[in-house]
Amino acid sequence: MDETTNPSDGVTTTPKRHFDTMDESIVKMKTTFGNASLPEIFAVMVLVGYTAEKIADLKAELAELETLCQSQIKEHADQSEEQQKFTAKREEINKPFSTHRALARILFKSDIHAWVALQLDSENPKAYADWVVLVTNFYAQFTGNAALITKAQGIGITAEVAAAQIQGLADLQALKESLTKETGEAQAATDARDRAFDALYPKYTEYIKYAKVLMPDNQMLEAIGVKVKAK
């Protein structure tokens with residue numbers, strides 16, 4: 001890479017390199033392999049082993065890569081959908097929970113047993129594992145204690161409300177498991193796509209390097225995606 005010097009300050013800098021995105025690289029490979037069979041290009045490139053069969057294999061690998069890209073996009077969409085469902089369900093549970101806890105802290109401020117049993121001295125954690133334990137315990141304490149639920153009815157925590165929140169937590173856990181599954185599938189699809197790209201891209205760059213050597217300044221290079229400097 002060439003270095004340049006800023007005449008105003010005398011500082012030598014290195015220009016930033018441009019790296020194509022995967023999509024940009026795939027578009028370039030489609031152009032290259034798609035036109036590799038043009039007579040003027042094929043007649044030259046076959047001399048270094050780019051037979052019709054080899055070109056067909058490169059096109060097949062590219063088609064498989066495109067299929068894997070589409071699969072990766074689908075799996076990522078599935079993961080995003082499950083994430084949205086999970087996040088919405090958690091908020092659906094957490095919003096009334098936060099209100100119930102705030103009200104319970106007022107109602108049970110002088111009841112040490114209730115205060116400790118409901119873990120009212122704890123902060124509402126952000127980590128899912130800690131949060132789900134806290135919320136589950138909070139409502140479970142009401143379902144197992146008639147006196148507690150009787151007193152809590154005054155702040156809107158009834159047996160039905162507690163049961164509904166516990167059922168919501170069960171539904172949330174099912175969504176969590178589904179999200180974990182979708183996340184794994186999305187990662188697997190990404191890995192498969194990346195492996196296919198990493199296997200094909202060097203073959204593409206090798207083809208381009210041969211073409212530049214064998215067809216220097218030939219306008220046919222434009223057909224395979226290589227810019228030719230104007231004379």
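A salt bridge is counted here when a side-chain nitrogen of Lys or Arg lies within 4 Å of a carboxyl oxygen of Asp or Glu. By that criterion, the structure holds ten salt bridges. Keep in mind, as you move through the close-ups, that this is a predicted model.

View 1. Helix 1 covers residues 22–35, which makes 14 residues. From first C-alpha to last it reaches 20 Å, close to the 20 Å expected at 1.5 Å a residue. Its buried residues are S25, I26, M29, T32 and F33. Looking down the axis of helix 1, you will find these buried residues within an arc of 125°, so they line one face of the helix. Exposed residues D23 and V27 sit on the face turned away from that buried side. And what covers the buried residues of helix 1? The cover includes helix 3 (52–107) and helix 7 (159–214).

**View 2. E81 and K85 within helix 3.** The side chains of E81 and K85 form a salt bridge whose closest N and O atoms are 3.9 Å apart. Because E81 and K85 are four residues apart in helix 3, about one helical turn separates them. An α-helix has 3.6 residues a turn, so residues three or four places apart point the same way. E81 is partly exposed, with 43% relative accessible area, and K85 is partly exposed as well, at 35%.

View 3. A salt bridge joins the side chains of E92 and K89, at 3.1 Å from N to O. The two residues, three apart in helix 3, are likewise separated by about one helical turn. How accessible is K89? Its relative accessibility is 17%, so K89 counts as buried, the cut-off being under 20%.

**View 4. E75, a buried charge without a salt bridge.** E75 has its place in helix 3. Side chains of opposite charge can pair when their charged atoms come close. E75, however, is buried yet has no salt bridge. Which side chain of opposite charge is nearest to E75, and how far away is it? It is K74, at 4.1 Å, whereas a salt bridge requires a distance within 4 Å. Leaving aside residues up to four places away in sequence, E75 touches E182, E185, A186 and A189.

View 5. Back in helix 1, we come to T31. At 33% relative accessibility, T31 counts as partly exposed. Which residues does T31 touch, not counting residues up to four places away in sequence? They are A223, I224 and G225. T31 and G225 are 194 residues apart along the chain, yet their C-alpha atoms are separated by 6.3 Å.

Note on methods. Residues are numbered from 1 along each chain as its sequence is written. This is a predicted model: local features need pLDDT of at least 70, side-chain atom pairs count only at pLDDT 80 or more; totals for chains, interfaces and linings use all residues. Side-chain values use heavy atoms; hydrogens and water are left out. The expected span of a helix is 1.5 Å times one less than its number of residues. Buried means under 20% relative accessible area, exposed over 50%, partly exposed in between (1.4 Å probe, protein chains only). The arc is that of the directions from the helix axis to the C-beta atoms. Contact means heavy atoms within 4.5 Å. Lys and Arg count as positive and Asp and Glu as negative; His and the chain ends are not counted.
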